[in-house]
Amino acid sequence: MYGTIESIMMKHPKDAFISQDHLNRHWREYNYVTCPDYDEAVREYEQFEAILKQHVPDVRYLPADERTGIDSIYAHDSVKITEKGAILLHPGKKLRQGEPEAVRDYFTSIGIPILGEIQGEGLVEGGDVVWMDERTVAVARGYRTNDEGIRQLRELTADVVDEFIVVPLPHGNGPDECLHLMSVISYVDKDLAVVYSKLMPIFFRELLIQRGVKLIEVPDDEYDNLGCNVLAIGPRKVVVPAGNPVTIRLLEQEGVEVLEYKGTEISYKGTGGPTCLTSPLARR
């Protein structure tokens, strides 16, 4: 999750938020902090988009789809890519459960093979799946990813993963809060990660340190501002929501190039930072 991104998938707010009227009608049921301003969201997204296009050679877009809602702007959660193809996930948030089929149709149209999918009672969201390296994956057990989903994901990744680590998440602020594993860790390089240790299991934190990963600790107020949600577009080159000065300073002290975007409407209000807004299709 720290390799240089060569291809990435996104979904424009024009195709997810649709309009101000659409947002006005749906933001509460999706549990947003408050209703996003549609026009400002489009402006913020264009800034975010411009940063990515400067550094990623292939940027692709999910189209509008009636099976999806406003959360589909967070393209990360419905699919995970492996070297043998895509795994379609099954979001724990019921309002998002139409998203994987929309991704399937899009991938079919552009020739990305489907390795498998999480089915039945299984639940997995992309924000709960962290590739620690090419052959090691950590998967959270929380309110959005359940035991059956983890069992299916373990089977689907058996040929491409040597070590499969299950990380239990805390209750946090309850089942309605979007608490993912990627809410508390973002890899910046093979030996550097941004973390929020207060919500991280002790064994997992100790494991990271044992593996030689230096931890950058995000302060409480910046965690609330998605400061722990950092997108590595390459080793020690990251995109971060604006308004997180302590985290940014600590990153820069480690020689990290930090690119900021304003994410009030597209990130903070829907609790989805730059990793959530993107689904990398290829890294090197």
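Predicted model: local features only at pLDDT ≥ 70, side-chain atom pairs only at ≥ 80, totals over all residues.
Reader: Which residue does Glu99 form a salt bridge with?
Author: That's Arg96, and the closest N and O atoms of the pair are 2.8 Å apart. Arg96 is buried too, with a relative accessible area of 3%.

Reader: How many salt bridges turn up in the whole structure?
Author: A search finds 30. One of them joins the side chains of Arg144 and Glu125, at 3.2 Å from N to O. Arg144 sits in the loop between strand E7 and helix H5, and Glu125 in the loop between strand E5 and strand E6, so this pair ties together parts 19 residues apart in sequence.

Reader: And are Arg144 and Glu125 buried or exposed?
Author: Both are buried.

Reader: New topic: what about Lys80, which salt bridge does it have, or none?
Author: None, although Lys80 is buried. The nearest side chain of opposite charge is Asp77, 7.4 Å away.

Reader: Then what polar partners does the Lys80 side chain have?
Author: The side chain of His76 makes a polar contact of 2.9 Å with that of Lys80. The backbone oxygen of Val129 is also there, 2.8 Å from a polar atom of the Lys80 side chain.

Reader: Last one! How many residues are in the largest nonpolar core?
Author: It has 39 residues, and those with the most contacts inside it include Met132, Leu181 and Phe204. Strand E10 gives the largest share, four residues. A second, separate core has 30 residues, among them Val59 and Ile73.

Terms used: Residues numbered from 1 in each chain as written. Heavy atoms only, no water. Buried < 20%, exposed > 50% of the residue type's maximum accessible area, 1.4 Å probe, protein only. Lys, Arg positive; Asp, Glu negative; His and termini not counted. Salt bridge = Lys/Arg side-chain N within 4 Å of Asp/Glu carboxyl O. Polar contact = N/O pair within 3.5 Å; in protein donor to acceptor, adjacent residues only side chain to side chain. Core = buried A, V, L, I, M, F, W, Y, C linked by side-chain atoms within 4.5 Å. Helix = DSSP H or I, 4+ residues; strand = E, 2+ residues; numbered from the N terminus.
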